[in-house]
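These are my notebook entries on a structure that I had not looked at before.

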Amino acid sequence: MVSDVRLAADIGGTFTDVALEARTGEEHHQRWTAKVLTTPRAPEQGVLEGVRVVLEKAGLAAGDLSLVIHGTTLATNALIERKGARTALITTEGFRDVLALGNESRYDQYDLNISLPEPLVPRRWRLPVPERLDNTGKVLRPLDEAALRALVPVLRKESIEAIAVGFLHAFVNPAHERRAAAILAEELPGIPVSLSSEVSPEMREWERFSTTAANAYVQPLMASYLGRLEDGLRAMGMTAPLFLMLSGGGLTTIATAARFPIRLVESGPAGGAIFSAHVARQRGLSHVLSFDMGGTTAKVCLIDNFAPQASRTFEVARVGRFRKGSGLPLRIPVIEMVEIGAGGGSLAHLDSLGRIQVGPESAGADPGPACYGRGGTSPAVTDANLLLGRYDPESFAGGSLRLDVKASEAAVTTNVGQGLGLEPGMAALGIVEVVDENMANAARVHAIESAKSYEGRAIIAFGGGGPVHGCRVAEKIGVDRILVPSGAGVGSAIGFLRAPVAYEVVRSLYTRFASFDLVGVNALLADMAAEASSVVAQGSFGAETTEARIAYMRYVGQGHEIAVPLPTRELTSEDVASIRAAYDAEYARFYDRPVPGSDVEVLSFAVTVATVIEKVLPAAEVTDAPGPAPIRTQRVRDTASGQVADWAIYDRTAMAPGAVVTGPCIVAEAETSTLVGPGWTCRMDGLGYLELVKEAA
Amino acid sequence: MDAMQAINRQIQWNRLIAVVEEQAQTMIRTAFSTTVREAGDLSAGIFDLQGRMMAQAVTGTPGHVNSMAESVGHFLAKFPAHIMKPGDHYITNDPWLGTGHLHDLTVVTPAFHDGKIIGLFANTAHIIDIGGLGMGPEGRSVFEEGLYIPIVKCFDEGRANETFFDILRAGSRTPVELEGDVYSLCACNDAGARRLAEMMAEYRMDSLDDLANFIFESSLRATLSEIAKLPLGRHSAEIRSDGYEAPVTLKAAMEVKEDGIEVDFAGTSGLSTRGINVPPAYCRAYSCFGIKCVVAPEIPNNWASLLPFRMSIPEGCILNAPRPYPVSVRHVVGQLLPDLMMGCLEGFVPDRVNAEGSSALWNPPLRGGAQVSGQAAEVDDFEIITFNSGGTGARPGKDGLDGIAFPSGVRTMPVEATENVAPVIFWRKELRPDSAGPGRTRGGFGQIMEISAKNDAEFAVNAIFDRVANPPKGRQGGGNGAGGWVGLNDPNGTVLRTKGFQIVPKGRHLVLKLPGGGGMGDPRTRDRALVERDVADGLLTPEAARREYGY
């Protein structure tokens with residue numbers, strides 16, 4: 001008897017993935033998945049099609065669904081392609097150009113020809129009004145309401161579709177912004193207004209205004225899309241509630257999503273991280289690195305104690321080769337991850353020093369890597385993998401695409417091999433080593449920035465490239481255990497099914513420990529907890545929730561804050577000392593030693609309310625069994641040693657739980673191949689996941 | 001050498017660059033001075049045992065980078081590698097052994113592997129206060145400019161040199177931040193050293209020599225091949241700076257040869273009595289940077305890639321200040337050097353250089369409280385500097401950038417953050433209409449800033465501004481950018497001096513109009529849609545559009 005049927009849909013750049021899970025009783029999950037082409041012009045069409053396909057596979061009707069969860073890159077795409085609303089920014093007089101000036105810096109020191117991202121709101125629609133608060137929220141200049149009303153004809157004439165309001169220090173005192181919103185609602189009913197004190201109530205005007213402008217910019221588009229999607233699903237007979245995946249890893253209602261659509265930008269990658277967290281939980285792995293390598297980028301994310309790391313800074317729509325600082329800053333709750341331009345389609349070339357460089361330029365789907373035979377002449381990582389013998393040209397992507405080895409060879413030789421005097425196999429090795437090193441470097445930086453290490457950590461590898469490159473990346477960062485879960489092709493959608501209903505509220509309140517504002521902090525935290533709870537209550541249907549409180553703290557004068565957990569209750573004066581001690585300990589964990597003699601300041605607080613994550617049943621123990629017979633052997637070049645040898649190729653579907661195969665070998669499946677390097681063994685666990693372990697050298 | 005080795009050395013080179021980047025990021029996260037953590041006024045690098053820089057962090061600012069490259073040799077001359085021990089850290093702020101003024105601390109740390117010293121990590125950071133007169137041009141010798149730290153050991157085998165820290169704390173207005181910064185500089189070198197040891201273990205390396213030679217050979221070869229793309233010959237250029245007591249002329253003649261580029265600064269003005277003088281390492285740093293941006297921007301900075309750029313700087317000229325001439329604000333002259341270099345390079349490759357820009361940072365050092373007003377002070381003591389910029393020069397194919405730092409690599413602080421650390425109010429900080437030099441591609445726009453103390457109290461500015469009487473020039477038919485302006489918001493529009501300590505009286509605001517970049521090419525050939533856009537955006541007045549563009 002089916003008790004609970006959940007469906008998740010993830011719109012990606014190329015494909016829309018749908019996963020459906022039916023639960024019969026405690027133990028039994030059954031899952032169906034579908035992959036359909038994304039329909040960029042009307043994305044809901046792709047989703048509806050995917051839902052139809054997966055329901056048909058499962059033999060269920062739309063009315064059987066008990067929950068539908070959705071994530072989409074639509075907001076991100078609108079920002080990248082600049083297809084959002086005609087947006088105005090009402091701002092403090094004297095500060096019209098905050099969006100244009102940014103932090104007055106270049107993201108590349110030596111390139112004289114860099115372009116900076118154009119602000120989402122052009123100067124003619126950045127409209128100043130007299131008003132000014134100081135840093136304590138005191139009014140230095142009252143809001144000039146007549147001046148604001150005088151802008152209305154301009155907004156009408158320019159057919160403005162969305163309005164952002166950003167005043168200096170409004171996160172301390174939102175009165176002027178709220179009054180402006182009331183006037184605009186009166187004068188221009190129906191035009192959505194985003195306030196910086198609501199969208200991103202934190203210090204730093206550029207980041208706050210940028211986030212607010214982006215929210216306004218995508219709001220009309222997202223509201224209309226979400227409406228169409230919901231209508232479409234209802235027309236199919238769906239009665240279940242529809243939830244949206246947030247970039248911070250939680251789920252929220254359509255109403256909240258429509259109000260703060262900017263919080264949806266990174267929902268796909270967030271789903272991937274939640275997927276990894278779930279796999280880690282199933283296997284009881286408390287320290288893992290989620291490693292998702294796709295066609296154009298690789299994403300790495302540290303997950304400790306089954307929770308992806310949270311962050312509040314993010315950059316979208318980078319214009320300079322994925323360079324930090326070349327995008328629009330967003331200050332919203334996100335899952336902390338590093339994304340770099342390293343994927344199967346990333347192109348290799350030699351720079352002016354004769355060094356191999358890989359990415360971030362990508363072959364994309366068209367023409368694709370040279371081996372696709374669609375006219376690509378630049379060597380992609382996929383070409384290099386092919387020349388190393390890692391793919392069977394006849395059965396790539398389930399045999400749907402026959403790979404052209406000759407084309408790969410020509411591309412690698414012309415662009416890399418000749419310049420270095422290397423034969424194609426070694427040139428291919430060079431390309432793959434460079435891309436593996438790039439990913440390992442990104443992983444190292446990520447760990448350093450989080451003050452974490454790779455000792456005792458496992459990698460969870462997915463995406464088309466993760467299982468192929470996992471071993472070598474693991475060796476480079478000193479990891480000796482890799483898990484390749486099943487369903488990795490639709491990982492994000494599966495992740496959506498595991499996400500809690502959650503909402504995070506962040507607010508700034510400056511206080512120093514020497515004169516801790518206990519009353520003010522307690523009032524703020526209570527207020528924030530109430531706000532987060534009320535958002536979650538709309539979608540939790542009375543489910544049990546948990547609350548987490550965090551203070552972002554630093555030594556007075558420093559610039560980088562550290563997150564310190566707070567007790568989830570009213571704080572007392574005794575707590576102040578223990579929070580301070582917790583800060584010192586956390587600081588020392590990051591930087592070896594605390595700093596003597598410094599007071600500590602708090603800049604902001606975060607409160608997250610989430611439904612309790614459902615329990616995971618422990619994986620069934622299985623006894624070792626011999627592996628299946630190899631389906632054939634292939635000549636494969638090992639990238640660590642350069643040696644070419646015959647590697648056994650196994651069919652993943654022929655492996656049973658407990659089956660062990662020994663590296664070097666390759667476990668092939670339709671969507672990817674798991675490469676088991678020399679010195680590694682691979683065992684299928686009770687969940688059907690591949691577990692690779694490196695023997696101690 | 002086999003193919004595998006060749007590939008591994010490339011990987012190791014990449015790794016080394018990642019290691020120094022980690023070093024720089026650690027500094028930014030742990031530093032106390034806003035100049036480091038917010039502005040990014042720092043650099044980090046790894047050196048071989050001969051003091052040759054092997055790799056340098058991408059993060060950082062050019063004035064530090066290239067001068068720090070010279071600095072490590074001075075440390076080794078005083079403390080040879082064989083006497084260095086694990087846990088040692090060495091420090092200086094000597095302008096002639098480091099990066100050109102007392103506000104920059106340079107820390108050098110030996111790195112060990114298998115008990116053997118294998119290399120050195122160095123970093124430099126601009127700290128917020130080092131005592132003395134404070135950041136500004138008013139000193140008449142370096143002794144007035146602050147606490148002078150010769151090359152000394154600040155940590156001895158992991159133990160803090162408490163005598164050193166006592167003296168350091170006593171000499172600064174911001175002792176806690178300064179001490180914290182020194183700890184941070186040492187910690188970031190340690191982070192680099194740890195990561196290097198891991199790499200050496202992974203690749204079973206026992207020295208960096210082979211890798212160093214590979215990096216140096218590749219870099220030198222690549223740099224020379226980029227130089228070979230320039231026509232041989234000699235071109236010269238000249239720039240005028242407002243100076244302190246008198247205008248300053250910077251002159252350079254550049255000769256492109258087969259084995260390098262030589263620059264001779266003969267004809268440059270003599271020394272100033274005030275702190276705008278430039279120590280020679282800083283002159284070489286920004287000159288090299290200017291040339292490299294045009295000639296070989298892709299080649300990573302290291303000892304060998306800087307080798308083909310040779311400078312001849314006559315003694316006694318403002319670009320070769322001897323000790324103890326004052327040098328505190330050497331950037332205000334030094335940051336014009338890339339424009340001067342591009343002036344020379346225009347003779348060789350006119351389609352690869354930019355027009356002149358605002359160039360020297362407009363960073364107003366602001367001070368208030370008892371240090372300015374004595375017992376009449378109405379606000380708490382404060383000392384703050386923000387990093388702001390005018391427009392950059394037009395580029396051959398693109399407009400200049402509006403209010404963006406070049407050649408400096410620093411960032412500015414948010415106004416909200418500044419107002420939280422000091423009792424100041426910024427009343428205005430926005431683009432300055434009609435300031436961009438007209439051209440087929442125009443310069444970047446400057447900014448207007450208007451600043452007061454809280455409650456309109458009295459405060460002071462230690463002005464370090466340039467390009468006021470001598471605005472950024474256009475090239476190839478492009479017009480000049482607007483010159484800067486420094487003054488008060490009173491009805492008479494009182495003008496302040498561009499350099500030196502001045503009071504902003506109670507009730508007044510400081511007004512800064514930052515220069516715009518020069519334009520490039522005939523303005524009449526500019527795309528009319530772009531002129532129209534600037535008019536619609538209120539950046540170009542209709543009168544200026546008509547006058548400059550015939551619009």
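Entry one, a single residue. I looked up Leu42(B) and found it in strand E1 of chain B, residues 42–47; helices (H or I, at least four residues) and strands (E, at least two) are DSSP runs, numbered from the N terminus. I note that this is a predicted model, in which local features need pLDDT of at least 70 and side-chain atom pairs count only at pLDDT 80 or more, while totals for chains, interfaces and linings use all residues. Residues are numbered from 1 along each chain as its sequence is written, and chains are lettered from A and ligands numbered from 1 in the order in which they are written.

Is Leu42(B) buried or exposed? Leu42(B) counts as buried because it has 33 C-beta neighbours inside 10 Å; the cut-offs are 20 or more other C-beta atoms within 10 Å of its own for buried, 12 or fewer for exposed, and in between for partly exposed, with C-beta atoms placed from the backbone. Setting aside neighbours within four places in sequence, I find Leu42(B) in contact with residues including Ala24(B), Met27(B), Val36(B), His64(B) and Asn123(B), where contact requires C-beta atoms, placed from the backbone, within 7 Å. Gly60(B) is also on that list of contacts, and its C-alpha lies 5.0 Å from that of Leu42(B), although the two are 18 residues apart in sequence.

Entry two, chain B as a whole. I count 14 helices and 19 strands in chain B. Its radius of gyration is 24 Å, close to the 24 Å that the globule rule gives for 551 residues, so chain B is as compact as a globular protein of that length; the radius is taken over C-alpha atoms, and the rule is 2.2 Å times the number of residues to the power 0.38. Along the principal axes, the C-alpha atoms of chain B fill a box of roughly 70 × 65 × 40 Å. Buried residues make up 62% of the 551 residues, and of the contacts in chain B with a separation of 6 or more, 75% are between residues 24 or more positions apart.

Helix H7 of chain B, residues 280–295, has 16 residues and should span 22 Å at 1.5 Å a residue, which agrees with the 22 Å between its end C-alpha atoms; the expected span is 1.5 Å times one less than the number of residues. Because 16 of the 16 residues of H7(B) are buried, this helix is largely enclosed by the rest of the structure.

Chain B is divided into domain 1 (3–219) and domain 2 (354–551), with bounds from an automatic or database domain assignment. Taken over C-alpha atoms, their centres are 33 Å apart, and 16 residues of domain 1 of chain B are in contact with 17 residues of domain 2 of chain B.

How many residues does each chain give to the contact? Chain A gives 59 residues and chain B gives 64 residues. On the side of chain A that touches chain B, the elements that give two or more residues are helices H3 (98–101), H7 (205–235) and H12 (424–449) of chain A, and H12(A) provides the largest share, 11 residues.
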